[in-house]
Amino acid sequence: MQEKELTTKQRLRSIKKFNARKYRELKRLRRRRSVPVSEYTTQMADPNNLLEIDDLHTYFYTDIGTVKAIDGVTFQIPRGKTVGVVGESGCGKSVTSLSIMRILQEPQGQIASGAIRYNQLAQNRAIDLVKTPLKEMQKIRGGEISMIFQEPMTTLNPVFTIGKQLDEAIALHSKKMPKKEVAARSVEMLKLVGIANSEGVYKMYPHELSGGMRQRVVIAMALACNPNLIIADEPTTALDVTVQAQILDLLRSLKEKINASIMLITHDLGVVAEMADLVVVMYAGRIVEQGTVQDIFHRPMHPYTIGLMKSRPNFVESGDRLYSIPGNVPSPIDLPNYCFFRNRCSQCIAACDGAYPPLMAVSDTHKVACYLCENAQGKDGE
């Protein structure tokens with residue numbers, strides 16, 4: 001018993017030393033006051049992409065070990081397209097978006113490695129957001145890349161009025177705009193997201209609004225500066241079906257108006273089918289399948305994706321119990337070397353006992369990380 005306690009203490013002590021080293025490394029990196037532009041400029045793999053995430057690893061250095069929240073994610077967001085990111089809670093969807101915005105809870109949360117290449121159209125250059133200094137990131141956040149957060153009550157500041165918060169977001173990226181025009185723009189955005197009493201809401205505090213109204217205010221704030229990329233993290237969770245349809249129509253019209261791209265994070269597969277051009281399916285911090293919306297919805301190939309499709313409520317069939325994927329997601333600390341879904345999969349083969357499967361191309365647009373699809377090249381369209 002004493003030996004076991006001693007071993008646990010030694011393990012926790014080594015984790016603490018490792019974390020302290022990582023914190024010091026981050027502190028040294030942040031201490032640099034000026035970073036030359038050449039250090040964070042890069043080249044896009046495809047100039048038609050607005051954003052390229054390349055082998056991204058985002059870790060949280062906790063007291064009980066390193067949580068590999070994002071463990072080698074690679075996908076692209078083309079200009080003018082909507083990419084839907086789906087998966088169970090805790091699979092890494094929101095952490096991916098926080099990594100893009102560079103608003104991880106530091107020093108525990110850090111981007112360990114990888115690149116996030118952003119096509120900065122206004123400056124006619126591409127930059128790596130991982131290496132971009134925070135001063136430059138402050139100009140990009142809200143102006144060029146904006147985010148609709150999942151929980152509006154923690155997004156809005158309770159001690160300031162709705163109008164003051166909207167004005168601040170607009171004025172920060174439009175410094176030459178007069179105050180009256182800024183206020184008029186704020187009221188216009190509130191009307192745009194379906195708030196009837198926009199002048200009255202402009203003067204209210206967040207606690208005076210319902211959850212749905214607060215969500216619409218957050219959406220108005222994100223869209224106010226006509227960003228190139230909109231990251232929508234469960235944007236319609238607190239809204240009723242009618243308002244949800246209005247918000248989705250608004251996002252679509254804005255995308256077409258300014259040729260913006262959308263990264264849509266959601267659990268609602270119906271919203272993905274309606275909104276997305278491309279779909280990325282994540283599980284335990286990795287991508288298990290990606291392709292066009294037709295590939296994923298009409299020809300799902302990974303057992304996990306098939307399970308997600310079967311889990312959708314079906315109003316045609318009645319009397320049957322709603323399907324749920326058996327088992328639990330593995331702990332993000334000390335993940336196994338083999339496929340993370342193996343212990344929950346009913347279609348395991350001998351190869352599943354080996355190394356984690358790479359993303360295999362089964363068509364020009366469809367990739368799957370599963371040994372069942374190893375010989376499926378060219379059969380996807382049959």
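In strand 13 (residues 367-368), the bridge partner of E289 is V368. The model is predicted, with local features requiring pLDDT of at least 70 and side-chain atom pairs counted only at pLDDT 80 or more, whereas totals for chains, interfaces and linings use all residues. Residues are numbered from 1 along each chain as its sequence is written, and side-chain values use heavy atoms, with hydrogens and water left out.

An open sheet of mixed pairing is formed by eight strands in the order 7-8-9-4-10-11-13-12. Its edge strands, strand 7 (145-148) and strand 12 (360-361), each pair on one side only. Helix 2 (residues 93-101) lies across strands 4, 7, 8, 9 and 10, running at about 145 degrees to strand 9 (261-265); angles run from 0 to 180 degrees between N-to-C directions, and axes are lines fitted to C-alpha atoms, for helices over the stretch in contact. Helix 12 (residues 303-310) also packs on the sheet, touching strand 10 and strand 11, and its direction makes about 105 degrees with that of strand 10; contact means heavy atoms within 4.5 Å.

A five-strand open sheet has the order 1-6-5-2-3 and antiparallel pairing. Strand 1 (41-42) and strand 3 (65-78) each have a single partner strand, so one side of each is left without a neighbour in the sheet. Strand 2 (residues 49-62) pairs with strand 5 (residues 109-120) over eight bridges, and T58 stands opposite I111 in strand 5. Helix 2 lies across strands 2, 3 and 5, at about 110 degrees to strand 2.

A search of the whole structure finds one cavity of 30 Å³ or more, a cavity being a set of points on a 1 Å grid over the protein atoms alone where a 1.4 Å probe fits but cannot get out. About 90 Å³ of space lies in the largest cavity; grid points are joined across faces, edges and corners, and the volume is the space filled by probe spheres set on the points. Its lining comprises 13 residues (each with an atom within 4 Å of a point), of which P303, C339, C345, C352 and C370 lie nearest the centre.

Note on methods: 1 Å grid on protein atoms, 1.4 Å probe; cavity = no way out; pocket = protein on both sides within 12 Å on 5 of 7 lines; lining within 4 Å. Pairing = 2+ DSSP bridges. Helix = DSSP H or I, 4+ residues; strand = E, 2+ residues; numbered from the N terminus.
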